[in-house]
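This briefing covers helix packing and charged side-chain pairs. Please view the sequence and structure below before reading the points that follow.

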Amino acid sequence: MSKSNQPAPDDIPASGSQAIYTIETVERITHISKDRIVLYYQHGLVSPVQATEKEILFDEEAIHKLRQIAFLLSEYGINHQGLREFVSLMDEVNRLREEVRFLRQRL
């Protein structure tokens with residue numbers, strides 16, 4: 001565990017769960033304010049599974065990503081451009097992991 005009591009990104013299990021959460025629930029789970037979650041959504045750092053004028057719904061993947069963002073901000077003070085790069089790289093890593101799993105299954 002890190003010095004800020006935020007779990008390191010690798011300590012946070014990513015889940016394939018189909019659970020869907022309201023922004024209020026995500027706020028309670030991640031301890032990130034709704035305003036900040038909306039800001040991250042607007043900047044393309046996290047993607048909801050559904051967004052309407054009345055509500056924004058997130059899945060486990062989004063919660064995982066929000067926790068990674070919180071960790072990077074608290075531990076390293078990374079700015080929004082750095083966060084954007086990190087999220088892009090993590091998305092690519094996850095895509096490549098899925099590709100490797102697929103190829104291993106074919107062998």
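**Salt bridges along and between helices**

Arg95 and Glu99 form a salt bridge, their closest N and O atoms lying 3.0 Å apart; the term denotes a side-chain nitrogen of Lys or Arg within 4 Å of a carboxyl oxygen of Asp or Glu. The model is predicted: local features need pLDDT of at least 70, side-chain atom pairs count only at pLDDT 80 or more, and totals for chains, interfaces and linings use all residues. Residues are numbered from 1 along each chain as its sequence is written, and side-chain values use heavy atoms, leaving out hydrogens and water.

- Asp91 forms a salt bridge with Lys65, with 2.7 Å between the closest N and O atoms.
- This pair links distant parts of the chain, joining Asp91 in helix α4 to Lys65 in helix α3, 26 residues apart.
- Lys65 counts as buried at 11% relative accessibility, whereas Asp91 is partly exposed at 34% (buried is under 20% relative accessible area, exposed over 50%, partly exposed in between; 1.4 Å probe, protein chains only).

*Helix α4*
- The buried residues of α4 are Leu83, Phe86, Val87 and Met90, and they pack against α3 (60–76) (contact means heavy atoms within 4.5 Å).

Technical notes:
Helix = DSSP H or I, 4+ residues; strand = E, 2+ residues; numbered from the N terminus.
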